[in-house]
Amino acid sequence: KPSDKRDTYTFERLRYKISDSIIFEFAGNLGKAQGLDNLMEAISTVQNNKAKFLFIGAGAKLKDIEAFSSLHDNTISIGFLDRSEQNDFLNACDVGIVTLADGMFGLGVPSKSYNIMATGKPILYIGELDSEIAICIKKNDIGWIVKPNSPKELSKKIEEITNNPEDIKAKGLKAFQVASQVFAKS
């Protein structure tokens, strides 16, 4: 049950357990349109022990994510959490992950990007380079972009991000500013 997993990984315990880590978080629909196989392949080759990956959500790929996390010490799958806990779980990470599988451009807009920005977290976006989210990230310097189906490139980018915690903080601050000045309701 997801609630049993959440009891095991309260956010305070999670932060304490991996406090010297850089936490990359994917929160949301664990579906086929998200390109999660590409992400898991990249995670499996990350060498930096400070990089940890947290998956929160439900969907068609949940069992795959749970199986993957049981085999990889750098990955935790919590399962579904209620939207009322969104502020807590979005603040449990250092970098928010937004993904769209190759060919999904124009069919889905990952609105979670705006919630990630509002918590002052930078975005690691895996998707089409000319999407709305990619353009926003480039224009405002609020994260990193990797094209889909590029697990080697993605793994290399994760290593680069993990080795630059000051860049994470700077991009997170910019993300919050963009969220509050550009996308906030008046």
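Tutor: The answer below begins with the whole chain and then turns to a single strand and its surroundings.

This is a predicted model, in which local features need pLDDT of at least 70 and side-chain atom pairs count only at pLDDT 80 or more, while totals for chains, interfaces and linings use all residues. Residues are numbered from 1 along each chain as its sequence is written, and side-chain values use heavy atoms, with hydrogens and water left out. The chain has a mean pLDDT (the predictor's confidence in each residue, from 0 to 100) of 85, and 84% of its residues reach 70 or more.

The chain holds nine helices and six strands; these are DSSP runs numbered from the N terminus, helices being H or I with at least four residues and strands E with at least two. The six strands form an open, parallel sheet in the order β3-β2-β1-β4-β5-β6, where two strands count as paired if DSSP finds at least two bridges between them. At the edges stand β3 (75–79) and β6 (143–146), each with a single partner strand, so one side of each has no neighbour in the sheet. From one strand to the next, the twist averages 20 degrees.

The strand to look at closely is β1, which covers residues 22–27 and is joined to the parallel strand β4 (residues 95–99) by two bridges. Phe24 stands opposite Val95 in β4. With β2, strand β1 pairs in the parallel sense over six bridges, and there Ile23 stands opposite Lys52.

Next comes the question of how β1 is covered. Six of its six residues are buried, a word that means under 20% relative accessible area, with exposed meaning over 50% and partly exposed in between (1.4 Å probe, protein chains only). In a regular strand the side chains alternate between the two faces of the sheet. Here both faces are covered, for Ile22, Phe24 and Phe26 on one side and Ile23, Glu25 and Ala27 on the other are all buried. For the chain of 186 residues as a whole, 50% count as buried.

Phe26 in β1 and Phe55 in β2 (residues 51–56) are 29 residues apart, so to speak in distant parts of the chain. Phe26 is buried, with a relative accessible area of 0%, and Phe55, at 1%, counts as buried too. Over the face of Phe26 lies Lys112, at 3.7 Å from the ring centre; a charge sits over a ring if NZ of Lys or CZ of Arg is within 6 Å of the ring centre and within 35 degrees of the ring normal.

Finally, helix α9 (residues 165–183) lies across β1, β4 and β6, running at about 105 degrees to β6, where axes are lines fitted to C-alpha atoms, for helices over the stretch in contact, and angles run from 0 to 180 degrees between N-to-C directions. Contact itself means heavy atoms within 4.5 Å.
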